[in-house]
Amino acid sequence: MNKLYEPTEFERLVDDPWDAAHVRDRIAAIVADTKLPEAATLYDGAAGVVWALDALRDHAESPLDLRAAVLRALELEREAPDEADDEHHTPGSLFSGEAGVLLAAFRISPEPHFADDLHALVLGNVDNPTDDISWGAPGTLLVALAMHERTGDARWLDAAAESAAALRSRRGEDGLWRQDDDYRGLTTLHGAAGNTLALLRQQPDEALARETAAVLAEHAVRSDGFANWPGTPRPTLARPRDGRVCLQWCTGAPGVVAGSWDYLDEELLLEAAELVWRAGAHGDEKGHGLCHGTSGNGFALLKAFARTGNELWLERARRFAVHALAQAERMTTRYSLFRGDVGTALFAAACLDADPRFPVVDTM
């Protein structure tokens, strides 16, 4: 099993029992303590923090003025885009561009001009050559579907159909999409699982689900009843970490399970979820957050619960939440949705509610 992940990066789960009242208290403490980072984006900036605090309203009310905060984030992003020098970045990037900030702004204050600006970014992102949820058309396809659900405006269905058609046309014969010149990803954040999730959200397609399930099965690394995935079946010198197998939401089994839980072969899904459980919590280097930490891994256990209905997986997810909250309490606070405390609070809330939906990707 050791070849499937790096055991030294993980630690044993704490023995503290699940206590719903204590979990609610910790969520409330995180919300009360949260401050706004200087960055603007959904992934690592103020827009993501605002999005999370609004999503946590049923559990705890933030003292911050969320509308003022997200308007300031939008102003900052337009003045100096957070990742403007990144080759993948466009204003339409969901996680690192203006699109994500506008999505948060519309969530807090559903003003028509936010919707108009966001619609233009969705259309402008159709031909983005980086086909993944983070930067490309799959992410803005999800935005279009979410905006139609919120507004009922038919233009969003048209935008979603245009994005989906372009995305389907760029899928390779191997069932993968391009992220870089020589990179074809498997994961939810950067690859086939996420792109398929977006397409199935737009239109159910049993053939596509079967084909992606077969691609994921083909490239799974399996041993002794456990399974994991590399970021790509084609490791490159440009991304040396993809020559080894990680175990986190952004790269590895937790993210693949989170994105493909409803169509992946069930035996393979449970092998992957079992590896997440056996590995335990991420150590302090990666931390407790959603992208590459304990909370992100814990969502794979919630997805196993959603697929099987077996409450063992919910109990295991709650063990991860207890540990992640303890990590958040002892570690230096990070004010960020995908790497910080509010993401962990969202995971804990999901465990309270037995809600397997992953933040943003499943709940825009």
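**View 1. Lys 303 has its place in helix α12, helices here being DSSP runs of H or I of at least four residues and strands DSSP runs of E of at least two, both numbered from the N terminus.** The model is a predicted one, in which local features need pLDDT of at least 70 and side-chain atom pairs count only at pLDDT 80 or more, whereas totals for chains, interfaces and linings use all residues. Residues are numbered from 1 along each chain as its sequence is written, and side-chain values use heavy atoms, with hydrogens and water left out. With a relative accessible area of 2%, Lys 303 is buried (buried means under 20% relative accessible area, exposed over 50%, and partly exposed in between, with a 1.4 Å probe and protein chains only). A polar atom of the Lys 303 side chain lies 3.2 Å from the backbone oxygen of Pro 356. Not counting residues up to four places away in sequence, Lys 303 touches Val 257, Ala 258, Trp 261, Pro 356, Arg 357, Phe 358 and Asp 362, a contact meaning heavy atoms within 4.5 Å.

**View 2. Arg 307 also belongs to helix α12, which covers residues 294-308.** Arg 307 counts as partly exposed because its relative accessibility is 24%. The side chain of Arg 307 reaches the backbone oxygen of Trp 261 at 2.6 Å. When residues up to four places away in sequence are not counted, Arg 307 touches Trp 261, Asp 262, Tyr 263, Leu 264, Asp 265, Glu 266 and Leu 269. Leu 270 is 37 residues from Arg 307 along the chain, and the C-alpha atoms of these two residues are separated by 9.5 Å.

**View 3. Helix α10 (residues 253-260) is largely enclosed by the rest of the structure, because eight of its eight residues are buried.** The buried residues of α10 are Ala 253, Pro 254, Gly 255, Val 256, Val 257, Ala 258, Gly 259 and Ser 260. These buried residues pack against α8, α9 (206-219), β5, α11 (266-279) and α12.

**View 4. Helix α7 (residues 154-169) packs with helix α8 (residues 192-202) at an angle of about 135 degrees, their axes being 10 Å apart.** Axes are lines fitted to C-alpha atoms, for helices over the stretch in contact, and angles run from 0 to 180 degrees between N-to-C directions. The two helices α7 and α8 are therefore oblique to each other (angles under 35 degrees count as roughly parallel, over 145 as roughly antiparallel, 65 to 115 as roughly perpendicular, and the rest as oblique). α7 passes α8 in a left-handed crossing, a term used when the near helix is turned anticlockwise from the far one by less than a right angle, the clockwise case being right-handed. From α7, Ala 160, Ala 161, Ala 164, Leu 167 and Arg 168 meet Asn 195, Leu 199 and Gln 202 of α8. The residues of this contact of α7 with α8 divide into five nonpolar, two polar and one charged, where Ala, Val, Leu, Ile, Met, Phe, Trp, Tyr, Cys and Pro count as nonpolar, Asp, Glu, Lys and Arg as charged, and the others, Gly among them, as polar.

**View 5. The axes of helix α5 (residues 112-124) and α7 come within 10 Å and cross at roughly 20 degrees.** That angle makes α5 roughly parallel to α7, and the crossing of α5 and α7 is left-handed. On the α5 side the contact is made by Ala 115, Asp 116, Leu 118, His 119, Val 122 and Leu 123, and on the α7 side by Arg 155, Trp 156, Ala 159, Glu 162 and Ser 163. Six nonpolar, two polar and three charged residues form the contact of α5 with α7.

**View 6. Ser 336 has its place in the loop between α13 (311-330) and α14.** Ser 336 is buried, with a relative accessible area of 2%. The side chains of Ser 336 and Asp 44 are joined by a polar contact of 2.8 Å (a polar contact is a pair of N or O atoms within 3.5 Å; within protein, one must be able to donate a hydrogen and the other to accept it, and residues adjacent in sequence count only if both atoms are side-chain atoms). Leaving aside neighbours within four places in sequence, Ser 336 is in contact with Tyr 43, Asp 44, Val 49, Asp 341, Val 342 and Gly 343. Ser 336 and Leu 42 are 294 residues apart in sequence, yet 8.5 Å apart in space from C-alpha to C-alpha.

**View 7. Val 360, in the segment after α14 (341-353), has a positive phi of about 65 degrees although it is not a glycine.** Val 360 is buried, with a relative accessible area of 0%.
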